[in-house]
Amino acid sequence: MKTKILTAGAEDIALAGRIIKEGGLVAFPTETVYGLGANALDENAVKKIYAAKGRPCDNPLIVHISKKEDFAPLVKEVTPSAEKLIDAFFPAPLTIILEKSEIINDTVSGGLNTVAVRMPTNEIARAVIDAAGCPVAAPSANTSGLPSPTKAKYVIDDMNGKIDAIIDGGDCEYGVESTVITLAYDVPTILRPGAVTKEMLEAVIGYVEVARAVTEGMAESEEAQSPGMKYKHYSPRAKLVIVNGTKKQYEEFVNSRQNAFALCFEEDEVNCKKVCYGRETDDLSQARELFDALRKLDEAGAEKVYARMPHKTGVGMAVYNRLIRAAAFEIIDLTKPFTIGLTGQTGAGKGYVCERLRELGFTVLDSDLYVKKLYEKGGEILEKLTAQFGESVVKNGAVDRRELARLAFADRESADRLNRIVHPLVIAACEADAKGLTVLDAPQLFEAKADKKCYKIISVLAPEKLRLERIMKRDGISEEQAGERMNAQLDEDFFKAHSDFVIVNDGRDINEQINSILEAIL
């Protein structure tokens, strides 16, 4: 197919209208992003949209109109809340979902009983719809999954040869797609945030919920009620990871990474290659520039990208929503004290993993060393330990660790009593020393409730017989004593269920397992 490149002149707009009316596809600018338009009432034409984009057929489309009075025929009932929003906002970057009328086919609605409708502010878009003489179904004019296009050149890159025509109408004003609100529920709910914010909507119709999927992704069995709800969307070809932290934390982290790109704000001072997406305090500039920035990363050949986390209020929520999907929900959270919590079964070989991570540039905090320092201090902890376990746990003014271990590991209740005394003090000391990429090496990570302070958790496991032999050799204790220590720990199933990653030390290549994990999280 030869794709015509059109201008926004009257003759070309009339031609675009005829193409759509006759069942063809035309890409045109809106105030949000470029849309790929087809006659919404022609099911065969709408199917061409899915084919051109490579879009899953269960992902509903938005129907665009040019006049307010064109809204009512598309829905079963215009509710009072819908009337208020139409009167207050249309034309606007706002999409309203209601139960659909009989003229809306299942292809447009993605098989749902609802339809999404909006009236764009962009005059070119409305002129094309007028010229077509029909409502126009128009998702973003890009290959499905890639960043939405805000410039004609990106539409040409994706759609040339696949559709009938592209109108070059310049850059889009807002840069992120419209806000989508469903009024088909008892409570009005935002399914996709945009330039019309939650606060603006609530000023007109009262309380509005934000769907969990906006910030956390769809549940496994959940249907997409709106475009842009799919798990991974808007994504560049590079692997994109969001970094949550202060400006300084972000800069230090990115500057420590090699062969990576930064997707950051104009004010950020980074040494690596970077692409900016607006200013830190200007969420409208972030929205306008985000998709272009994602495209530029591909043009620059980026393979690994660390993105600065935007805020989540106002239009910032829309920016965050698009970015989190582009990153497939991968976030490195530097606001947590520990990058990795490393734990596992006693005797599993966790020490080797620590050494490897230290060689790779992590700061490793060994909780056992902090316990040792704590026991050497004496003072208040000695009083607490002797009160719980008797005078025999103190020798020469310090804690007798072997005697304390004998008593504390005798049963789960005794171990719990020891943990309640020691854990808060140890974790607080480790937290004070945490800096940058930090590993908390803690055999009792979960018992200390320190897992909540870790970005990711790795557990090291090994077969029971192998662990038993290691403990006896390492600590010079009997098989019975080694068994008691093993039994005092959480079981293997618990570690597996509560960890992000598991390293199995049974002869498999540990370095390969470590590298695979770090590639996934960093």
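This is a predicted model: local features need pLDDT of at least 70, side-chain atom pairs count only at pLDDT 80 or more; totals for chains, interfaces and linings use all residues.
## Ground rules

Residues are numbered from 1 along each chain as its sequence is written, and side-chain values use heavy atoms, with hydrogens and water left out.

Helices (H or I, at least four residues) and strands (E, at least two) are DSSP runs, numbered from the N terminus. Two strands pair if DSSP finds at least two bridges between them.

## The sheet around E13 and E15

Let's start with an open sheet of 5 strands, paired in parallel and ordered E14-E13-E15-E12-E16. Strand E14 (273-276) and strand E16 (331-333) sit at the edges with a single partner strand each, so one side of each has no neighbour in the sheet. On average, neighbouring strands here are turned by 25° against each other, direction ignored; the axes behind such angles are lines fitted to C-alpha atoms, for helices over the stretch in contact, and angles run from 0 to 180 degrees between N-to-C directions.

Inside the sheet, strand E13 (residues 261-264) runs parallel to strand E15 (residues 304-308), joined by 3 bridges. Phe261 stands opposite Val305 in E15. Helix H11 (residues 316-326) lies across strand E12 (239-244), E13, E15 and E16, at about 130° to E12.

## The sheet around E21

There's also an open sheet of 5 strands with parallel pairing in the order E18-E21-E17-E22-E23. Its edge strands are E18 and strand E23 (501-504), each pairing on one side only. Neighbouring strands in this sheet are turned by 25° against each other on average, direction ignored.

Strand E21 (residues 438-441) has parallel partners in E17, through 3 bridges, and in strand E18 (residues 363-366), through 4 bridges. The bridge partner of Gly341 in E21 is Leu440, and that of Thr363 is Thr438. In a regular strand the side chains alternate between the two faces of the sheet. In E21, Thr438 and Leu440 point one way, Val439 and Asp441 the other, and all are buried (under 20% relative accessible area, with exposed over 50% and partly exposed in between; 1.4 Å probe, protein chains only).

Helix H13 (residues 367-377) lies across E18 and E21, running at about 45° to E18, and helix H20 (residues 510-521) lies across E17, strand E22 (454-461) and E23, at about 170° to E23.

## Helix H2

Which residues of helix H2 (residues 43-53) are buried? They are Ala45, Val46, Ile49, Tyr50, Ala52 and Lys53. Their cover includes strand E3 (35-39), helix H4 (106-109), strand E7 (136-137) and helix H6 (152-159).

At the start of H2, a side-chain oxygen of Asp42 comes to within 3.2 Å of the backbone nitrogen of Asn44. After H2 comes Gly54, with a positive phi near 70°.

## Rings and charges

Rings of Phe, Tyr and Trp (its six-membered ring) pair if their centres lie within 6.5 Å; planes under 30 degrees apart count as stacked, over 60 as edge-to-face and the rest as tilted. By that rule the count is 5 aromatic pairs. Phe71 and Phe90 form an edge-to-face pair, 6.2 Å centre to centre with 65° between the planes. Phe71 lies in the loop between strand E4 (62-64) and helix H3 (80-89), and Phe90 in the loop between H3 and strand E5 (94-99), so the pair ties together parts 19 residues apart in sequence. Phe71 is buried at a relative accessible area of 1%, and Phe90 is buried at 4%.

Phe253 and Tyr306 also form an edge-to-face pair, 5.1 Å centre to centre and 90° between the planes. This one links distant parts of the chain: Phe253 is in helix H9 (residues 247-256) and Tyr306 in strand E15, 53 residues apart. Both residues, Phe253 and Tyr306, are buried.

A charge sits over a ring if NZ of Lys or CZ of Arg is within 6 Å of the ring centre and within 35 degrees of the ring normal. The charged end of Lys312 sits over the ring of Tyr320, 4.6 Å from its centre, and Lys373 lies over the face of Tyr370, 5.3 Å from the ring centre.

## Thr346

Thr346 is in the loop between strand E17 (338-344) and helix H12 (350-359) and counts as buried at 16% relative accessibility. Leaving aside neighbours within four places in sequence, Thr346 is in contact (heavy atoms within 4.5 Å) with Arg467, Ile471, Arg474, Arg485, Met486 and Gln489.

The side chains of Thr346 and Arg474 are joined by a polar contact of 3.3 Å. A polar contact is a pair of N or O atoms within 3.5 Å; within protein, one must be able to donate a hydrogen and the other to accept it, and residues adjacent in sequence count only if both atoms are side-chain atoms.
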